[in-house]
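User: Hi! Could you walk me through a couple of spots in this structure?
Analyst: Happy to, here it is.
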Amino acid sequence: MEEQLTLADGGAVPQPLPARLRPQTIEEIAGQQHLLGEGKVLRRIIEQDMVSSMIFWGPPGVGKTTLAHVIANQTRAKFINFSAVTSGIKEIRTVMQEAENNRRFGEKTIVFVDEIHRFNKAQQDAFLPFVEKGSIILIGATTENPSFEVNGALLSRCKVFVLKALDEEALTGLLRRALESPRGFGSQRVNIDSDVLRLIASFANGDARTALSTLEMAVLNGELEGSVTTVTREVVEQCTSRKSLLYDKNGEEHYNLISALHKSMRNSDPDAAVYWLARMLEAGEDPLYVARRVLRFASEDVGLADPRALEIAAAAYQACHFIGMPECSVHLTQVVVYLSVAPKSNALYLAYEAAKKDALTQLSDPVPLQIRNGVTKLMREVGYGAGYQYAHDSEEKLTDMRCLPDSLLGREYYRPTTQGLEGRFKDRLAQIKAWKQEQEEKGK
């Protein structure tokens, strides 16, 4: 094993594995095949040297900065890295002027702005005239939705590419390359089983940087015998401070655990629900997956028995999106406990399933003329909108106009329960139906 010098020895501190293994070509980039596969749009743009200003939007560790470096290498452009934290308007204008001068001599300049969402409006505006003139090719990277975080004028001049979290297969391939590459551990003999590599990939949760950093820590702490370093599951667990619980995000146990969480909440057992939640999160489950399932539960199993359940579940999803693990574990705990103790109703789920059955078997039933939208003279002449009754014109805010196709008149899909606040909806619906029945009898 080659000795690594430290500053105290008079040598340079070696670069971390993610930096040493940073891809130099498109082929070395892990994942993102929807953009970089053969014939895909971004690959064609790069290969044909047709690069224009763009924004990469995606979670951390998926290669946004790396891809910008590869584009600069491929197009032989000067690469300037800007930080939203340290760069002010003065620095931006100085570099922009330098780029403008270089353009006059035929040199391209790619300005990479990491975390562009952290730039304020004035800083973003400082880029705009140089992007418009073509003095620079701006590549911004953001983990936040650029529609909300990037000025409209700047965003309209940039093509947005969405980068995806790396799947387990892509991360495992990246880890194997790290073990084989001379820039990684290719000069060392490292013994590590495939299931341990998959454990590291699972722990990384789509983040290439985390995967490589974890591998590096595991190799440095592996068991050295002669010239061979052995990395075991126990070593990885120590390095990640996380036990590899019985869990496979693509296998049966994945579905067993989410089922256990769902059914514990449905059974109003917050203790069991929090336990299954912890089992999933500590095993490396994507918190957004859990948040999506919880969001579904809020309407499927609570519904109008507590309408606030949907609001709280949506807020928990946003919290998971904004801050991720481990911080968002408490937000998921809050919503899981809330849903567990909330009154339950599956009336909305049953309503949709019943309506879906009729919708699929009676697709040809026409929309009644009275509730069609007569937007043209011809449509109105043939009866579109004829007989439409505007509910707000009546004192009761109700009409006896029929809205279902004739073949489905009288069909009831939503049958409210008396649980929680849904009891009020049940009473209100009963009043509406009684009023309509009375109007129908008067009309006979």
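Analyst: One term before we start: a residue is called buried when its relative accessible area is under 20%. Also, keep in mind that this is a predicted model.
User: Good to know. Which residues of helix H6 are buried?
Analyst: H6 covers residues 121–133, and its buried residues are Gln123, Gln124, Ala126, Phe127, Leu128, Phe130 and Val131.
User: And what follows H6?
Analyst: Gly134 does, with a positive phi near 85 degrees.
User: How do H5 and H6 pack, at what angle?
Analyst: Helix H5, residues 89–104, packs with H6 at about 10 degrees, and the two axes are 9 Å apart. An angle under 35 degrees counts as roughly parallel, so that is how H5 and H6 run relative to each other.
User: Nice. Which residues meet there?
Analyst: From H5 you have Ile89, Ile92, Met96, Gln97, Glu100 and Arg103; they meet Ala122, Gln123, Ala126, Phe127, Phe130 and Lys133 of H6. Sorted by class, this contact of H5 with H6 has seven nonpolar, two polar and three charged residues.
User: Switching topic: where is Ile192?
Analyst: Ile192 sits in strand E6, which spans residues 189–192.
User: Is Ile192 buried or exposed, and why?
Analyst: Ile192 counts as buried, because its relative accessibility is 14%.
User: What does Ile192 touch?
Analyst: Leaving out residues up to four places away in sequence, Ile192 touches Leu179, Leu197, Ile200, Leu215 and Val231.
User: And how far apart are Ile192 and Val219?
Analyst: Their C-alpha atoms are 9.1 Å apart, while in sequence Ile192 and Val219 are 27 residues apart.

Methods
Residues are numbered from 1 along each chain as its sequence is written. This is a predicted model: local features need pLDDT of at least 70, side-chain atom pairs count only at pLDDT 80 or more; totals for chains, interfaces and linings use all residues. Side-chain values use heavy atoms; hydrogens and water are left out. Buried means under 20% relative accessible area, exposed over 50%, partly exposed in between (1.4 Å probe, protein chains only). Helices (H or I, at least four residues) and strands (E, at least two) are DSSP runs, numbered from the N terminus. Axes are lines fitted to C-alpha atoms, for helices over the stretch in contact, and angles run from 0 to 180 degrees between N-to-C directions. Angles under 35 degrees count as roughly parallel, over 145 as roughly antiparallel, 65 to 115 as roughly perpendicular and the rest as oblique. Contact means heavy atoms within 4.5 Å. Ala, Val, Leu, Ile, Met, Phe, Trp, Tyr, Cys and Pro count as nonpolar, Asp, Glu, Lys and Arg as charged, and the others, Gly among them, as polar.
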